[in-house]
Amino acid sequence: MIESCPKKRMLLGITFLGILTVLVLIIESHWTESRNPGRKRNFPIEQNSTCWEKEEYKVVKDCEPCSAFEIASQSIGVCIHTHFKEVLRCASGETVTRSCDRTAYIDERAFWRFEGFMFLSAAISTLCVIARKKIVTMDNIYITAYQLDKVQFLVDVESLIIVNIYRIAGHDNIKLKIKLTDDEGKGGRVNMDMSRVSFEIIQNCPEVANYCAWPVIVQDNYVTAGLCSVARQIIKRSEHKKVKKLLGFRDACLMACSESSVWTKFCEVDMVSTVKSVLTDPSRCLDGDVLNLPQDLIRFEYHMGQPVRIHNVYKVAREQSNDKAIQSCVPIEKLDLHHTFGEGPFMTLSDVILFSCMQIFLDLYPEEKLLEKLPLTMAWFNTMKEKNVSKVKFSLDVLPNDVNEIVEPEILRQSLYTADPSRYKPERRIYTKQKDITNSLRIINNNHIEIVNSLYPFGDEVPFDWSKIPSEANPMSGALPENRAYRKCDQLANLAKAVIKLVGAKECRIVDFCSGSGHLGILLAHLLPNSTVILVENKELSLVRAKERIVKMQLDNVIILQSNLDYFVGGFDIGVSLHACGVATDLVIQNCIKNKAHFVCCPCCYGGIHDCYHLTYPRSAEYRSLNMDHKDYLTLAHAADQTHDPNNRKTTQGFICMDAIDTDRRLYAESCGYEVHLGKLQPVSCTNKNNLLVGICSGYTYLNFALMIHGHVERDISLGGFLFALRAVKRTGQAAVVQISHVTGLQDDFVPVQDDDGGLVRWRDFSNVYGDM
């Protein structure tokens, strides 16, 4: 805990305690003397002489203990009182033996020695804590760059933004490390001047740093990846209060991931991608001397003119207008509150990120020409320049372009707030009308797609005993209600048994995607000590709890990645996810297929699936070839969430729809060379979302084809989808033209052959699996 205390506060605290100690000693001394006024020790003497009180004297013999005989016999009177004696010689030559208070002298000297020792110990401890804080908790930021000279580097847009934020934060407890690349790759890069930045060039980096796309922050086995997450961590760990205010209300700025937040996606993905594309080819926005503004600039311009929508908007409105009479029933549109910055009247981290992007764009195109089309954006940009947030100098290798006319593209008139009521929200639309559900299921049945659930999960026979699990990995020891904890145990046991069966006696790298606080991943790390478990989660608070449990269990085979699925690039053997919501389950499966890794997934929130820039639905070619609209597919997904009431007749239908969606996932994985088991968690009552998909990578290769039916070309179809489409063509009698676009990793004898009847293609190595087409 002490390491979380800033160095300045620690030194101030120690100084305060030191001053308080001295003050107490002074007060105590004064209080003691005031209780004993005129305190003067009158020592007993021999020879009844008091010459030492009237004359100068010398100590002939220092204060020494009386002998045991002198004390017992009381032969020398001075030894009766203090048991110590000293011999004095006055100026007159008279020698006097006097009692002395050697004990008080010794005690006083011992006290000050003790005080000195304690002060020295405190100083050494302080230095040790400061040194330990710099060494143990020292975070490292890793970026890649191409070195032009001693201080000039070519970096990508994300690295430029991170270095600028690093300079704003003014860190002395985070190091910036640059790994040089041989690829000059000027497209999409800027020339950054690092003369005012403290950095270190490295040749090698920790293995964990390579698990995510850079830039990343690494501290021991904890990695933070993603532009917004890395930027947030840099700001959070700054010692300057003004800098920390960039995180906004409740430190929530850019906290939501890009999959769920329109604003985060705009700052982290959309705007950065736009700037990169313009850097790579500045002429792409030009048509002669006509500039076609990128859509994202117009989106930001429109956003800046919309009503401010923040959590405490009414409180801010009262403070800004100094009018406490503003009621919460007043429509937001009527509040006199405008966008000075991207998220409202206050500058946040998102403004800093967007400012760097806008700087690049305005270096390429004339600022004065943009003022007419982007007045609000230019006003924001000038305000940001006044805030002096540009801490890093950079230049571009491309020359500015001559522009005489600017064309504004059409966009959806929506702000960049996720809560904008004008935003199209497919999850709020009603897809669960019974006639629509019946129609969607009928389409699947009429096309002979077999929906089969084996009911028992893969690995069900593997023994599992919760009594042998430490309390830190057992949900029964946590804060969950007892009934929910029992159900959580059943869920974890089902997935753990499947993973144990897949691992066997091997040493594997297991990734727990969307891990939350690590219930599943930590359990697997305990059960499989020879394997490495990686927790991938974008919620920082969840990972804080996971880290505490890992430390208590003393697990050394767990790595934590605070990252979205987008930024995870590490290789692994098995991917697992328990109730990854909606699209996340498909992202996990897609990532596993990309890495040729097994997967164990228990899906959730079927109604949350939607097309995104990562993937589209349906997943499999078999489903895509059906006469099913996108709306029909989403109808099944929404109906799959109607499984919460066991007494409701729609629950059975909901489970069928769950199986229908998971069959689409199964077919997609099978077409990529996987053997897939679809079963249910046991007991099925442990959760309403109880399907378990286990994909075993059997080593089949990936095949991609182009298929043209009636002039429509469908490219990059996988093997299963290709075969299914050709079967559909054969049934309908349509004509098809097939072309192999590329085949990877095949044996030499893996060649297409012609059938005798109708020229259907068959592959020898796969005929026993897929049969004739």
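**Close-up views of a predicted model**

**View 1. Helices α21 and α22 are oblique to each other.** Oblique here is what remains once angles under 35 degrees (roughly parallel), over 145 (roughly antiparallel) and 65 to 115 (roughly perpendicular) are set aside. The axes of α21 (residues 630–639) and α22 (residues 650–671) come within 7 Å and cross at roughly 125°. Axes are lines fitted to C-alpha atoms, for helices over the stretch in contact, with angles from 0 to 180 degrees between N-to-C directions. Helices (H or I, at least four residues) and strands (E, at least two) are DSSP runs, numbered from the N terminus. The crossing is left-handed, meaning that the near helix is turned anticlockwise from the far one by less than a right angle. Tyr633, Leu636, Ala637 and Ala639 of α21 meet Gly654, Cys657, Ala660, Ile661 and Asp664 of α22, where contact means heavy atoms within 4.5 Å.

A word on the model: it is predicted, local features need pLDDT of at least 70, side-chain atom pairs count only at pLDDT 80 or more, and totals for chains, interfaces and linings use all residues. Residues are numbered from 1 along each chain as its sequence is written, and side-chain values use heavy atoms, with hydrogens and water left out.

**View 2. Helices α9 and α10 meet in a left-handed crossing.** The axes of α9 (residues 262–280) and α10 (residues 295–304) come within 10 Å and cross at roughly 145°. On the α9 side, the contact residues include Trp263, Phe266 and Met271, and on the α10 side they include Leu297, Phe300 and His303.

**View 3. Three strands form an open sheet in the order β1-β2-β3, with antiparallel pairing.** Two strands pair if DSSP finds at least two bridges between them. At the edges stand β1 (57–65) and β3 (95–99), each with a single partner strand, so one side of each has no neighbour in the sheet. Five bridges join β2 (residues 84–90) to β3, and Val87 stands opposite Thr97 in β3.

**View 4. Two peptide bonds to proline are cis: Trp214 to Pro215 and Tyr617 to Pro618.** Omega is near 5° for the bond to Pro215 and near -5° for the bond to Pro618. Pro215 sits in the loop between β8 (200–202) and β9 (216–219), while Pro618 belongs to the loop between β19 (598–604) and α20 (621–624).

**View 5. His579 and Cys605 have positive phi values.** Phi is about 60° for His579, a residue of strand β18 (residues 574–581). For Cys605, phi is near 50°, and this residue lies in the loop between β19 and α20.
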